[in-house]
Amino acid sequence: MHTHKNRILALTMLTVAALSGCGDGGDATQTPPPPAPAPGTTVTAAQMNDTDLNAILAAANDGDTITLPAGKFAMLGPLQITAKKNLTVVGQGNGTDPSKDTILSFKTALTQNGLSVTTADSSTFKNFAIEDASGNALFVQSSNGVTMDTLRAEWTTDPEHTSTMAYGLYPVKSDNVLVTNSIVVGSRDAGVYVGQSTNITVTNNDVHHNVAGVEIENSHNAIVEGNDVHENTGGILVFALPGPTRFLDTHDVIVRGNTIHDNNLPPADNAQGLVLTIPPGTGAMVLASQNVEVTANKITDHKTTGVLVTSALGAGITFSPETKDEQGNPYDPYERGVYVHNNVIRDFGTSPGGAFATPTADGGLQDFTLGFMAGLAAMGQPQVFPAVLWDGIVDPATGSGLEADGSGGVYAGNLQVCSMGNHIAWPEGAAFPFENLDLNLIALMTGSGGPNFPFSERLTCTIELPEVTGRS
Amino acid sequence: MTTPCTPAPRPASAKAWLAPALLATLFALAACGGGGSGGGEATPPPPPPPPPPPAAGPTIFDPSEAPTKLSAWHLVTADGAKLQLDTALVPYDLNTALFSDYAFKLRAMYVPAGKTIAYQAEGALDFPPGTALVKTFYYPKATGTDPDAMPVGQKTQTAQGTSIDLGTNRLIETRILVRKADGTWAGIPYVWDADQKDATLTPQGKYLSMELVPDTGASQKFTYSVPNTQTCEQCHASATNGSGSAVPIGPKAGNLNKNYDYGGVVQNQLAHLDGLHLLSGFTGVGEAPAIADWRDTGQTLEARAKSYLDVNCAHCHNAKGYASQSGLLLTHDNVGSAAADTWGVCKLPLAYVGTGLPGYKYDINPGSPETSILLFRMSHVGAGQTMPVVGRQTNHVEAISMVNDWIAQLPQAPCAP
């Protein structure tokens with residue numbers, strides 16, 4: 001990635017040089033003619049209702065730009081785009097100020113969803129807000145080339161208790177996806193949720209007061225970079241879940257350079273389902289995914305842990321091994337090739353939540369948590385969970401050396417799960433950094449062994465992962 | 001309906017070259033007053049080759065050139081007192097129909113003269129280009145309480161036939177699904193004018209304030225939604241993620257396999273189409289599939305639920321439909337199959353996160369309709385919960401009861417709490 005940045009710099013310098021080259025030509029420089037206006041429709045304020053706007057969207061030609069006026073406009077039903085190419089929907093400003101920005105309000109809508117888009121290759125959505133849409137604010141599926149830029153998707157009032165916005169920005173079953181410069185607030189599931197997609201870049205967004213901040217799910221080749229993710233239940237999630245039809249696996253994801261802080265919100269009242277797998281107070285969570293790198297992030301103030309890496313088994317997710325995705329692949333519940341390194345992680349683990357606070361009789365790990373904390377207390381150590389947690393479950397098919405009960409075991413080479421070289425702020429009074437906890441969960445459950453802490457040998461490794469390129 | 005006599009069957013060979021309206025008139029004459037050959041069963045001799053047909057009967061437009069008024073199609077006529085299908089149309093009904101806020105529907109198909117429908121046991125019948133499927137939505141008239149809302153009756157449809165009495169019914173919209181020359185389909189919605197004499201092209205959709213008045217009990221106000229072009233696709237592009245070319249949803253062999261009252265003559269619909277020589281490749285009613293009428297208490301709950309979910313959900317909830325990303329697949333073939341998680345049993349929802357109430361965790365929790373999200377979403381209205389997301393603003397109380405009973409008796413084990 002450094003080479004990429006260098007390349008961009010080099011290009012910029014070339015451009016600067018080229019410009020100055022032109023300027024050197026003396027006083028004869030001609031002002032180029034203004035570009036012809038893009039074909040399309042400039043929508044009037046009077047047309048800013050779902051009936052008229054849908055008629056405009058239906059009539060749009062491939063390549064059109066639909067320009068929305070500033071103001072806040074109420075919609076009674078969803079806006080829809082189907083079967084278009086190279087369509088751009090652009091509003092004014094960044095969607096925050098109704099006097100000069102474009103805001104689409106679905107507060108009084110009769111049916112769910114804000115803007116729903118299906119089969120719109122090379123589409124761009126830019127400079128507007130979608131407020132108070134039940135279901136999904138902006139949903140784009142089955143499209144190759146999706147840009148969401150400078151948008152705001154928000155549940156505006158008391159999202160913790162009233163939100164019915166499942167997802168904010170939601171590209172799914174799509175390829176070449178860019179979500180950037182946007183604000184997502186108050187979804188009861190994931191704010192930015194990219195599912196069943198490939199070649200994804202999610203960058204420079206401000207995502208808060210959701211259950212999951214940013215989620216990459218059942219997807220391939222994703223970059224999550226430079227986002228500010230805060231005050232969600234969990235910050236950034238890299239998940240593979242059973243159920244989806246296009247892909248059952250997640251692989252090749254890099255989470256880097258994000259600011260992830262204070263993701264300690266209890267799940268929204270309306271949250272339900274697999275998103276509740278996130279223990280509140282988790283900075284980043286990697287679930288049943290392969291080739292995932294979490295690096296150069298600043299991860300601070302999380303009451304459960306900074307980074308949680310778990311198999312589906314560890315998360316209690318059940319699945320049918322017979323079910324295959326459209327590629328013919330079954331669900332893969334294991335973590336392999338995970339590398340958590342060079343992150344700044346501080347202020348973590350003071351009050352573990354979710355499964356770690358759920359009574360053991362209900363399938364939770366509360367007994368373990370209480371025992372772990374008691375052990376720390378007995379040693380005179382601060383009673384906190386470490387910065388990085390791994391459930392320690394190894395795939396018997398691709399790992400080796402597992403015990404008869406399925407516990408233990410190691411992966412070789414780049415299949416390993418590694419957490420090394422993070423910049424950990426030691427908890428106050430600690431005698432060691434609290435960097436890693438290898439739960440060795442199966443041994444914990446069967447009583448055949450226990451977690452590895454403070455030195456987690458299996459996590460102390462480095463690996464090399466394939467390059468992740470994101471949106472191409 | 002116009003003639004008290006039993007109409008004679010129409011030979012399809014004649015249909016190819018005779019204007020249908022003229023044909024009907026000839027037969028009416030032959031059967032009732034003509035010839036004195038005695039009895040309505042008489043078959044007339046083959047008529048002589050006629051002159052070129054007059055410009056009567058339906059005109060099928062390319063959807064991009066749809067006329068502003070429905071009357072220009074000559075598919076139906078309405079005079080404020082009665083809506084009448086053109087005689088070239090064949091009306092039909094479905095074993096199980098999509099619920100649309102208790103609207104009644106008069107369905108009919110127009111197949112161009114000389115063309116046939118390729119019969120297939122699975123999926124919609126393969127109609128020839130130039131076909132128009134014509135569906136008129138209407139309600140029994142009722143007396144309401146709010147002058148700003150159109151009062152409509154909350155009843156269960158049993159009416160069939162070829163006309164609608166506008167003394168007792170109110171027309172709302174007529175949707176035309178046309179198969180174009182290139183084989184693709186497109187939907188064209190018309191909303192009926194206040195005088196009930198014609199309908200106006202409304203591709204942008206329309207909201208109508210209504211008051212649904214039951215025979216007994218309190219009425220409820222709701223907003224009836226005429227779908228726009230995109231919404232049509234969302235349901236009808238059922239094999240392409242709800243985008244692009246629409247396909248018919250209702251007229252599948254299994255759903256057409258039932259009797260219809262053709263104005264006094266009751267006949268199996270597939271046999272009727274076959275008798276009109278409109279079907280090719282048809283292997284007989286005996287071999288045709290039939291899905292249950294979900295209202296038929298003589299059928300098993302499973303058969304009724306499979307039918308209802310297929311017709312009301314599976315246009316989106318199939319592996320190629322608009323809701324495929326949910327992984328909840330509610331086709332007739334899939335519901336009840338061994339892969340129970342794929343039709344909701346103990347399946348955590350993927351693209352939806354909850355009722356906001358405790359206890360609801362799975363789409364279907366066998367034995368526990370009161371904690372099954374599928375039933376919750378069927379039985380609520382409002383932006384946050386309503387399923388289907390298109391075309392329902394009121395609860396289908398009779399179907400909710402049936403699906404409740406079905407979930408309650410499912411043989412699968414209850415899900416983990």
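A salt bridge is taken here as a side-chain nitrogen of Lys or Arg within 4 Å of a carboxyl oxygen of Asp or Glu. By that criterion the count between chain A and chain B is 0 salt bridges, whereas a search of the whole structure finds 21 salt bridges over all chains. The structure is a predicted model, in which local features need pLDDT of at least 70 and side-chain atom pairs count only at pLDDT 80 or more, while totals for chains, interfaces and linings use all residues. Residues are numbered from 1 along each chain as its sequence is written, chains are lettered from A and ligands numbered from 1 in the order in which they are written, and side-chain values use heavy atoms, with hydrogens and water left out.

**The contact between the chains**

The contact, meaning heavy atoms within 4.5 Å, takes 48 residues from chain A and 41 residues from chain B. Between them the two chains bury about 3,300 Å², of which 49% is on carbon and sulfur atoms; buried area is the accessible area (1.4 Å probe) that two parts lose on being put together, summed over both.

**Salt bridges**

| Residue | Partner | N to O distance |
|---|---|---|
| Lys126(A) | Asp149(A) | 3.8 Å |
| Asp332(A) | Arg336(A) | 2.3 Å |
| Asp215(B) | Lys155(B) | 2.6 Å |

Strands and helices are DSSP runs numbered from the N terminus, with helices (H or I) of at least four residues and strands (E) of at least two. The side chains of Lys126(A) and Asp149(A) meet in a salt bridge; because Lys126(A) lies in strand S8 (residues 123–131) and Asp149(A) in strand S10 (residues 144–154) of chain A, the pair ties together parts that are 23 residues apart in sequence. Accessibility is classed as buried under 20% relative accessible area, exposed over 50% and partly exposed in between (1.4 Å probe, protein chains only). Lys126(A) is partly exposed at 32%, and Asp149(A) is buried at 12%. In the salt bridge of Asp332(A) with Arg336(A), Asp332(A) is buried with a relative accessible area of 17%, and Arg336(A) is buried with 12%.

In chain B, the side chains of Asp215(B) and Lys155(B) meet in a salt bridge. Asp215(B) lies in the loop between S12 and S13 and Lys155(B) in the loop between S7 and strand S8 (163–165) of chain B, so this pair ties together parts that are 60 residues apart in sequence. Asp215(B) is exposed, at 60% relative accessible area, and Lys155(B) is partly exposed, at 35%. A network of salt bridges also links Lys72(A), Glu131(A), Arg152(A) and Glu154(A).

**Strands of chain B**

Two strands are said to pair if DSSP finds at least two bridges between them. In chain B, 3 strands form an open sheet in the order S7-S12-S13, with mixed pairing. Its edge strands, each pairing on one side only, are S7 (150–154) and S13 (220–226) of chain B. Strand S12 (residues 206–214) of chain B pairs with S13(B) in the antiparallel sense over 7 bridges, and Lys206(B) stands opposite Val226(B) in S13(B).

Strand S4 (residues 104–110) of chain B has 7 of its 7 residues buried, so it is largely enclosed by the rest of the structure. Phe104(B), Leu106(B), Ala108(B) and Tyr110(B) point one way from S4(B), and Lys105(B), Arg107(B) and Met109(B) the other way. Strand S3 (residues 89–92) of chain B and S4(B) pair in the antiparallel sense over 4 bridges, with Val90(B) opposite Met109(B). S4(B) also pairs with strand S6 (residues 132–140) of chain B in the antiparallel sense over 7 bridges, and here Arg107(B) stands opposite Lys135(B).

**Aromatic pairs**

Rings of Phe, Tyr and Trp (its six-membered ring) pair if their centres lie within 6.5 Å, planes under 30 degrees apart counting as stacked, over 60 as edge-to-face and the rest as tilted. A search of the whole structure finds 25 aromatic pairs over all chains. Phe319(A) and Tyr331(A) form an edge-to-face pair, 4.9 Å centre to centre with 65 degrees between the planes. Phe319(A) is partly exposed at 26% relative accessible area, and Tyr331(A) is buried at 5%. Phe99(B) and Tyr102(B) also form an edge-to-face pair, 4.9 Å centre to centre with 90 degrees between the planes, and both residues are buried.
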